[in-house]
Amino acid sequence: MEKALQTMINNMPEKTGKSLEQWKLILKDKAFTKHSEGVNYLKNEYGVTHGFANTIVTLSKEEHNSADDLVFNQYKGKEALVPIYEKLISVLKTFGDDVNITPKKTSVSLIRKRQFVLIKPATKTRIDLGLKLPNEPTTERLGNSGPFGTMCTHRVQITSIEEVDDELIGWMNAAFELAV
């Protein structure tokens, strides 16, 4: 399989008009939610055959974005939320040296021995903060986990930096303490 893939990559400029690196540059700024969307884009916009389109999209995904790139991409079009995100991170870092900040494609997990907080820009105007507080009852502000499912027990919806207050910090710290 490795040899066939290398042959396909070598033939790409002749068969598609561009090298793999050139295709990766074209796809770099595209945000497809599904693999098939990327494949269809290349087929429809550039006339690339299915086999080459599939290979290009697959190999483009293998590019490992840095943590900063992942966070930057989460807040594209949601830049007004960045100060809230930065405030949350600065507070969470004060909890201890064992706080691990792990950006993913759509969220940032904060992990001690286990995940205790999840930060996700949910809309252009709201961050959803997931918390692991198994014995804490829900309230109007400390809602159920919603779309986080079992990853978190609760969710707080944050729309302004002022909402990163003592109550919220207390919940985050409690979740941190339980994550051992």
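Which residues do ring pairs link into a cluster? In this predicted model, the cluster consists of W23, F32, Y41 and Y46, joined by ring pairs. The search of the whole structure returned 6 aromatic pairs. For W23 and Y46, the ring centres lie 5.2 Å apart and the planes meet at 85°. The angle is over 60 degrees, so this pair is edge-to-face. W23 belongs to helix α2 (residues 20-28), and Y46 belongs to helix α3 (residues 35-46). The contact therefore ties together parts that are 23 residues apart in sequence.

The two partners have these accessibilities. W23 has 1% relative accessibility and so counts as buried. Y46, with a relative accessible area of 35%, is partly exposed. A further aromatic pair is formed by F32 and Y41. Its geometry is tilted, with 5.5 Å centre to centre and 45° between the planes. F32 is partly exposed, at a relative accessible area of 25%.

Charged side chains also meet rings. The charged end of K18 sits over the ring of W23, 5.5 Å from the ring centre. R112 lies over the face of F176, and here the distance to the ring centre is 3.9 Å.

Helix α6 was examined separately. It covers residues 82-93, a run of 12 residues. At 1.5 Å a residue, α6 should span 16 Å. Its end C-alpha atoms are 16 Å apart, which agrees. The buried residues of α6 are I84, Y85, L88, I89, V91 and L92. Viewed down the axis of α6, these buried residues fall within an arc of 165°, so they line one face of the helix.

Terms used:
Residues are numbered from 1 along each chain as its sequence is written. This is a predicted model: local features need pLDDT of at least 70, side-chain atom pairs count only at pLDDT 80 or more; totals for chains, interfaces and linings use all residues. Side-chain values use heavy atoms; hydrogens and water are left out. Helices (H or I, at least four residues) and strands (E, at least two) are DSSP runs, numbered from the N terminus. The expected span of a helix is 1.5 Å times one less than its number of residues. Buried means under 20% relative accessible area, exposed over 50%, partly exposed in between (1.4 Å probe, protein chains only). The arc is that of the directions from the helix axis to the C-beta atoms. Rings of Phe, Tyr and Trp (its six-membered ring) pair if their centres lie within 6.5 Å; planes under 30 degrees apart count as stacked, over 60 as edge-to-face and the rest as tilted. A charge sits over a ring if NZ of Lys or CZ of Arg is within 6 Å of the ring centre and within 35 degrees of the ring normal.
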